[in-house]
Amino acid sequence: FHILNVPNRTWILIHSGSFKHDTLGCVLVGTDWQDIDGDEELDLINSKKALSELLNILPNTFSLEIV
């Protein structure tokens, strides 16, 4: 998913990923948090599953408000 109309930003996406290095300002999705790489920081888990579920329930075009 591509998030549009964000001031001073382009190419903000919603995508799968587990670690903070998987995002450069994008929105990652998952079902829970867990330290999966042993660095004592919480990581997203089940990210591909969560994205697949979103793809199945959301229409091709929708409005999203992030506050």
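These legends describe close-up views of one predicted model. Local features need pLDDT of at least 70, side-chain atom pairs count only at pLDDT 80 or more, and totals for chains, interfaces and linings use all residues. Residues are numbered from 1 along each chain as its sequence is written, and side-chain values use heavy atoms, without hydrogens and water.

**View 1. The salt bridge of Lys-20 and Glu-41.** The N to O distance is 2.9 Å. The count comes to one salt bridge (a side-chain nitrogen of Lys or Arg within 4 Å of a carboxyl oxygen of Asp or Glu). Lys-20 sits in the loop between strands E2 (12–16) and E3 (27–29), Glu-41 in the loop between strands E4 (32–34) and E5 (43–45), so the pair ties together parts 21 residues apart in sequence. Helices (H or I, at least four residues) and strands (E, at least two) are DSSP runs, numbered from the N terminus. Lys-20 is exposed at 62% relative accessibility; Glu-41 is partly exposed at 36%. Buried means under 20% relative accessible area, exposed over 50%, partly exposed in between (1.4 Å probe, protein chains only).

**View 2. Asp-43, buried without a salt bridge.** Asp-43 belongs to strand E5. Lys-20, the nearest side chain of opposite charge, is 8.1 Å away (Lys and Arg count as positive, Asp and Glu as negative; His and the chain ends are not counted). A polar atom of the Asp-43 side chain lies 2.9 Å from the backbone nitrogen of Ile-36.

**View 3. The largest nonpolar core.** Its six residues are Ile-3, Ile-12, Ile-14, Val-29, Ala-50 and Leu-51. Such a core is a set of buried Ala, Val, Leu, Ile, Met, Phe, Trp, Tyr and Cys residues joined through side-chain atoms within 4.5 Å.

Methods. Polar contact = N/O pair within 3.5 Å; in protein donor to acceptor, adjacent residues only side chain to side chain.
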